[in-house]
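Me: I would like to learn how to read a protein model step by step. Could we begin with the words that I need?

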Amino acid sequence: MPIPDSWLSVLGDQQNMPYYPQLYRFIGEERSKYTVYPAGQDVFNALRFTPYEQVRVVIIGQDPYHEENQAHGLAFSVRPGVTPPPSLVNIFKELQDDEVDFRIPNHGCLIPWAEQGVLLLNAVLTVRAHQANSHQGKGWETFTDEVLRAVNAKGSRVVFLLWGSYAQRKAELIDGNRHTILKAPHPSPLSASRGFFGCRHFSKANAALQSAGESMIDWQLADLI
């Protein structure tokens, strides 16, 4: 699980911290006994698809999808050909209401967002199959908090979309005077109707980027053939 090169300058020292080899051993032991998602080569996909210098928006998830073929290292995203889970369906519904021309795609793969500078970061980067939150408290949160601190240190404005109480606790790592923080309930079916629907975070994110002289995110996802 090598840290992508573009992040080494801001995260490389984490590999020398006591928690990191312990976390690495834990993941190895888990993989030797259980099915763990995502696959090893996909664990750092959020960082791989969105190099540090290109981060303009951050969306924080909690931990990866834990069912077969879903997780591939990007928060809320699923592999092509996999039915979008309920939270992602609700994200698309809000986008359709928020962005006039948005059409709901025939897939849930968010790689095109990541390639435009949307860091789709889960706080925990691995999970045991069929056991949500099974890798919490093992060290991933220490690592991903450092990712957020590194993004916070960027000189250019970044927009942070914090959905749900778990993500909103990360606001303490972000300088709201330099960056834009947008908060809403989580898009899950349990809470989306309590304020996620109607939050208009996607157009607000683009407005914040535009006001900072940054190019806007094209949220539309092309259909896959």
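Reply: Let us start with exposure: a residue is called buried when its relative accessible area is under 20%, exposed when it is over 50%, and partly exposed in between, using a 1.4 Å probe and protein chains only. This is a predicted model, in which local features need pLDDT of at least 70 and side-chain atom pairs count only at pLDDT 80 or more, while totals for chains, interfaces and linings use all residues. Residues are numbered from 1 along each chain as its sequence is written, and side-chain values use heavy atoms, with hydrogens and water left out.

Me: Into which class does Arg 200 fall, and what is its relative accessible area?

Reply: Arg 200 has a relative accessible area of 38%, and so it is partly exposed. Asp 98, by contrast, counts as buried at 8% relative accessibility.

Me: Which parts does the salt bridge between Glu 30 and Arg 128 tie together?

Reply: The side chains of Glu 30 and Arg 128 meet at 2.9 Å, N to O. Because Glu 30 lies in helix H2 (residues 19-33) and Arg 128 in strand E4 (residues 127-128), the pair ties together parts that are 98 residues apart in sequence. Glu 30 is buried, with a relative accessible area of 7%, and Arg 128 is buried as well, at 17%.

Me: How should I read a sheet, and what is the order of its strands?

Reply: Strands of a sheet pair through backbone hydrogen bonds, either parallel or antiparallel. Two strands are taken as paired if DSSP finds at least two bridges between them. Here an open sheet of four strands has the order E3-E2-E5-E6, with parallel pairing. E3 and strand E6 (180-184) stand at the edges, each with a single partner strand, so one side of each is left without a neighbour in the sheet.

Me: Are the residues of E3 buried or exposed?

Reply: Strand E3 (residues 118-122) is mostly covered, with five of its five residues buried. Val 118, Leu 120 and Asn 122 point one way from E3, whereas Leu 119 and Leu 121 point the other way.

Me: How many residues of helix H6 are buried?

Reply: Ten of the 13 residues of H6 are buried, so this helix is largely enclosed by the rest of the structure. Among them are Trp 140, Phe 143 and Asp 145. Asp 145 also meets the side chain of Lys 170 in a salt bridge, at 2.8 Å from N to O, and both residues are buried.

Technical notes
Helices (H or I, at least four residues) and strands (E, at least two) are DSSP runs, numbered from the N terminus. A salt bridge is a side-chain nitrogen of Lys or Arg within 4 Å of a carboxyl oxygen of Asp or Glu.
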